Structures are given as C-alpha cells and as structure tokens.
Amino acid sequence: MSNSQLFVRDVSRHVCTDDYWVNSSFVILEKMSQFWKKGLQFTCQQCGRCCCGEPGIVYFSPREFDALVEHLNHTRGLTREVIVRDYMRPHRDSYTARDDFPDGHCIFFDKEKGCSVYEVRPSQCRDFPFWRCNLASKSDWDETAQMCPGMNHGRHWTAEEIYDIASKARL
Ligand code: SF4
Ligand code: SF4
C-alpha cells in the first residue's frame with residue numbers, strides 16, 4: 001500500500017490520484033466491468049477508516065466547496081474566509097480538506113459521529129468504493145476491501161448502477 005498521495009492508489013482515503021483518473025477512459029471502464037458484471041455488494045458500516053489514516057486528497061470542486069461553505073455557515077456560523085483559513089488547503093481550482101494531523105484524519109471526521117459534513121461531502125466520498133481504481137480488477141477491489149468492511153457485504157449493486165457511478169465520477 002502506498003504511503004503517499006502521489007501514488008496511483010491510496011485505499012486508506014477516498015482518494016484516487018488525478019493521474020489515475022486521467023488515464024481511466026470509458027473504454028478502460030468497459031474492460032474493468034468483467035469482474036463486476038454480476039454486480040458487487042457494499043453497505044457502509046460507518047467505521048470511518050476511509051476518513052483516517054494515511055494522508056490523501058479530499059477534493060471539493062468549486063461547486064462542492066460553495067455547498068460546504070453554505071452548510072458550515074448555516075450550521076456553525078463560519079464564514080468562507082474562516083473555512084478557507086482553518087479547514088482547507090488550496091488545490092488547483094479549489095480546495096482539499098485539511099488532513100495534516102498526526103493520525104491523518106480528514107478535518108471533517110468526528111470520532112463520535114463520523115463525517116460531520118455528510119450532507120455536503122464531496123463526490124469522491126459519495127462515490128466510494130465505486131472508483132475506477134477499485135473497479136479495475138478483482139484484486140484491486142479486494143485489496144481495498146481489506147480496509148473497508150462495507151465492501152462485499154450488504155446491498156447488492158448492479159453493474160448498471162456501478163457503471164453509472166464510475167462513469168460520472170468527477171475526474
Ligand atoms: S465501511 Fe468503508 S466506506 Fe464506510 S466508513 Fe468504513 S471504510 Fe469508509
Ligand atoms: S469529507 Fe467526510 S466522508 Fe469525506 S473524508 Fe472527510 S470526513 Fe470522510
């Protein structure tokens with residue numbers, strides 16, 4: 001497992017690096033679908049492992065960041081300036097959530113409640129674990145499943161549902 005966000009895969013966080021996504025065309029996605037053509041099982045167990053651990057990139061697109069600001073302003077009275085200063089790090093055209101803590105947790109992770117911004121969590125968190133890097137092969141899926149207890153359990157997702165999520169992924 002990588003210990004750097006520069007690597008292709010980081011299963012400890014809702015992260016696939018930009019390079020991976022850039023190289024993941026729809027043609028590749030079609031090939032990937034072989035091992036999940038009968039669907040996959042996943043139900044989140046709310047364990048929070050994917051929000052902690054090794055540093056990663058939890059990217060909020062400009063639109064997602066606007067929604068985050070609106071949410072935090074409404075629920076905590078935080079201004080955009082305070083959110084940018086205290087909760088975020090600049091990344092390309094927008095921001096990533098801070099995770100510069102000794103245990104590498106996302107700043108929005110609450111040990112008691114889980115994701116504290118669940119309603120406005122970014123798409124990469126919503127789409128997990130149906131990322132193309134996890135869907136590339138059964139071994140990739142199973143490797144991530146070692147970290148995520150929700151994978152291979154619970155709800156059955158059809159190949160069509162999985163394809164729909166993976167193909168609309170932001171990056
Ligand atoms: S079950 Fe998986 S997706 Fe849900 S919080 Fe745990 S690691 Fe994350
Ligand atoms: S935004 Fe929420 S779901 Fe996403 S990594 Fe942070 S705490 Fe986890």
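Trainee: Which residue in β6 does Phe60 stand opposite?

Mentor: In this predicted model, Phe60 has Tyr95 of β6 opposite to it. Phe60 belongs to the pairing of strand β4 (residues 59-60) with strand β6 (residues 94-97), which is antiparallel and has 2 bridges.

Trainee: How should I read a helix? Which residues of helix α7 are buried?

Mentor: Begin with the general idea: an α-helix has 3.6 residues a turn, so residues three or four places apart point the same way. In helix α7 (residues 138-145), the buried residues are Trp141, Thr144 and Ala145. They lie on the same side of α7 because they cover an arc of only 105° around the axis.

Trainee: What do the buried residues of α7 pack against?

Mentor: They pack against α6 (132-135) and β9 (151-157).

Trainee: How do I read the surroundings of a ligand? Which residues come nearest to ligand 2?

Mentor: List the neighbours, then sort them by class. Of the 11 residues around ligand 2, the nearest are Cys51, Cys106, Phe109, Cys115 and Cys125. The shell of ligand 2 divides into 9 nonpolar, 1 polar and 1 charged residues.

Trainee: What classes of residue make up the shell around ligand 1?

Mentor: That shell has 6 nonpolar, 4 polar and 1 charged residues. Among the residues surrounding ligand 1 are Cys44, Cys47, Arg49, Phe128 and Cys148.

Technical notes
Residues numbered from 1 in each chain as written. Chains lettered and ligands numbered in written order. Predicted model: local features only at pLDDT ≥ 70, side-chain atom pairs only at ≥ 80, totals over all residues. Near = placed C-beta within 6 Å. Nonpolar A, V, L, I, M, F, W, Y, C, P; charged D, E, K, R; others polar. Buried ≥ 20, exposed ≤ 12 C-beta atoms within 10 Å, placed from the backbone. Helix = DSSP H or I, 4+ residues; strand = E, 2+ residues; numbered from the N terminus. Arc of directions from axis to C-beta. Contact = placed C-beta atoms within 7 Å. Pairing = 2+ DSSP bridges.
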